[in-house]
Amino acid sequence: MSWQTRCQSVGIEYDERIYENAQKNKETAVSSGRVSFEKVDATEFVVPDQADRMYFFNPFSVEILQHVIARILESYYRNMRPIQLFFYYPSDDYIACLMNAEGLQFADEIDCKDLFPGENQRERIVIFELGEIAG
């Protein structure tokens, strides 16, 4: 993402093995100067007050998601700004949780079923917004 959009990116990973592989990949990445990783439980990560785009790849349980959304809201209320959340491969439970989360609004859905064989309904990215997004 940093390479294509030229943005600063922070990867959050709890699993030591995945974290170490991400660090190795960073060493040879074109955009390594714009990428950092933190080995931390997502429920304990303090969302930076300037973070405005967050991407979740087939993430954690709904219970953990609720804690992460609470952390995002804490950051939002410290520094109110438009935020977009991107969820790849979300379950129905995830969608239900997000639809009921304080302040979040469903914004869009990107169908990704053409990327892989089969007709898996979870092959999509759903986008939620917090605050007012300038269009």
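At roughly what angle do the axes of helix α3 and helix α4 cross? In this predicted model, the axes of α3 (residues 62-78) and α4 (residues 92-99) cross at roughly 30° and come within 10 Å. Angles under 35 degrees count as roughly parallel, and the two helices are therefore roughly parallel to each other. Their crossing is right-handed.

The contact between these helices involves Val-62, Leu-65, Gln-66 and Ile-69 on the α3 side. On the α4 side, the residues that meet them are Asp-93, Tyr-94, Cys-97 and Leu-98. By class, the residues of this contact comprise 6 nonpolar, 1 polar and 1 charged.

Tyr-89 is not a glycine, yet has a positive phi of about 65°.

Helix α3 also takes part in the largest pocket, as one of the elements that give two or more residues to its lining. The others are β1 (9-13), α2 (16-28), β2 (35-39) and β3 (53-57). This pocket holds about 1,300 Å³ of space. Its lining is made up of 33 residues, and those nearest the centre are Val-10, Gly-11, Ile-12, Tyr-55 and Phe-56. The table divides the lining by class.

| Class in the pocket lining | Number of residues |
|---|---|
| Nonpolar | 24 residues |
| Polar | 5 residues |

Definitions and conventions
Residues numbered from 1 in each chain as written. Predicted model: local features only at pLDDT ≥ 70, side-chain atom pairs only at ≥ 80, totals over all residues. Heavy atoms only, no water. Axes fitted to C-alpha atoms, helices over the stretch in contact; angles between N-to-C directions. Helix = DSSP H or I, 4+ residues; strand = E, 2+ residues; numbered from the N terminus. Parallel < 35°, antiparallel > 145°, perpendicular 65-115°, else oblique. Left-handed = near helix turned anticlockwise from the far one by under 90°. Contact = heavy atoms within 4.5 Å. Nonpolar A, V, L, I, M, F, W, Y, C, P; charged D, E, K, R; others polar. 1 Å grid on protein atoms, 1.4 Å probe; cavity = no way out; pocket = protein on both sides within 12 Å on 5 of 7 lines; lining within 4 Å. Points joined across faces, edges and corners; volume = space filled by probe spheres on them.
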